[in-house]
Amino acid sequence: MYNPKSNSILQQLTGLFRSFQPCQLCHADTQHWHQVCEDCWKSLPWQRQTIKRQGLQIMTPCRYDYPLDRIIQQYKYQQQLQFQPLLSGLLCSLKQPKKVQAIVPMPISTERLEERGFNQSLLIAQDLAKHLDVPIWQPVTRLKQRAQKGLSRLERMSDIQQQFQLTPPNAVRYRNVLIVDDVVTTGSSIQALHNCLIELGCQQVHVTCLAVAEI
Ligand SMILES: [Zn+2]
């Protein structure tokens, strides 16, 4: 199984055991890559490139298309947490930037957290942090997301920026960081978080997400 860090005997045995488990997606073949079979892994909407949103470079493994869109929706809204190894595996399969000192997951508001029970970006980010052997850093909180209907593009941008607040103490602890988000559409929340991190004193802010949707 693909996992450069699975070298302990226990991990090897766990990997061997998993390889006899049915694929999380088709349930027909056995698990090969991150709990899915080889065919299902190959049939994901791969993109594996850097795309641009709001002037920022975002590394992404996939497009937000079938079947990944359904998988992410079930994971986020129906607590189908069995998909977490697959989703984290997508990010771990990407070539990550060098010398990243910490991972910054996209924050969600307290209201969203209560409603959903977990922050999906934080869970994925924790797996990536483990893979890269760096800490999670959460220096920014997010206020309640308001309905943006009827606002102009500029009003929307400033509204989103105001949702992101620096958490005191406002001192930079890491200069080279990687933002992790689940799905990026317009990129405006990524830009708002990016601006906060630059304001804090970060010098290099990389961005990665599970999938990018067409605008
Ligand atoms: Zn399968």
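UniProt positions are given in the numbering used here, and its annotations may be inferred rather than shown by experiment. With that in mind, the unreviewed UniProt entry places a feature named "domain: Phosphoribosyltransferase" at residues 121-211. The structure described here is a predicted model. Over residues 121-211 the chain is 40% helix and 25% strand. The end C-alpha atoms of that stretch are 12 Å apart.

**Zinc site**

A zinc ion is coordinated by the SG atoms of Cys23, Cys26, Cys37 and Cys40, at 2.3 Å. In sequence, the spacing of these donor residues is C-x2-C-x10-C-x2-C. The angles that the four donor atoms subtend around the zinc ion run from 103 to 116°, so the arrangement is tetrahedral. The cut-off behind that label is that all angles lie between 85 and 135 degrees.

Cys26, at 34% relative accessibility, counts as partly exposed. The limits used are under 20% for buried and over 50% for exposed, with partly exposed in between.

**Loop residues with positive phi**

His27 lies in the loop between helix 1 (9-18) and helix 2 (38-42). Its phi is near 60°, a positive value in a residue other than glycine. His27 has a relative accessible area of 55% and is therefore exposed.

Gln79 also has a positive phi, near 50°, and is not a glycine. Gln79 sits in the loop between helix 3 and helix 4. With 41% relative accessibility, Gln79 counts as partly exposed.

**Cis peptide bond**

The peptide bond joining Tyr66 and Pro67 is cis, with omega about 0°. Pro67 is placed in the loop between strand 2 (56-63) and helix 3 (68-77).

**Helix pairs**

| Helix pair | Axes come within | Crossing angle |
|---|---|---|
| Helix 4 (residues 84-92) and helix 6 (residues 120-132) | 9 Å | roughly 50° |
| Helix 7 (residues 153-163) and helix 8 (residues 188-200) | 9 Å | roughly 50° |

For the pair of helix 4 and helix 6, the axes cross at roughly 50°, which makes helix 4 oblique to helix 6. Helix 4 passes helix 6 in a right-handed crossing.

For helix 7 and helix 8, the axes cross at roughly 50°, which makes helix 7 oblique to helix 8. The crossing of helix 7 past helix 8 is right-handed.

Key. Residues are numbered from 1 along each chain as its sequence is written. This is a predicted model: local features need pLDDT of at least 70, side-chain atom pairs count only at pLDDT 80 or more; totals for chains, interfaces and linings use all residues. Side-chain values use heavy atoms; hydrogens and water are left out. Helices (H or I, at least four residues) and strands (E, at least two) are DSSP runs, numbered from the N terminus. Donors are N, O and S atoms within 2.8 Å of the metal (3.2 Å for Na, K and Ca); water is not among the atoms, so sites may look incomplete. Four donors count as tetrahedral if all angles lie between 85 and 135 degrees; four count as square planar and six as octahedral if opposite donors are over 155 degrees apart and all others between 65 and 115; anything else is irregular. Buried means under 20% relative accessible area, exposed over 50%, partly exposed in between (1.4 Å probe, protein chains only). Axes are lines fitted to C-alpha atoms, for helices over the stretch in contact, and angles run from 0 to 180 degrees between N-to-C directions. Angles under 35 degrees count as roughly parallel, over 145 as roughly antiparallel, 65 to 115 as roughly perpendicular and the rest as oblique. A crossing is left-handed if the near helix is turned anticlockwise from the far one by less than a right angle, and right-handed if clockwise.
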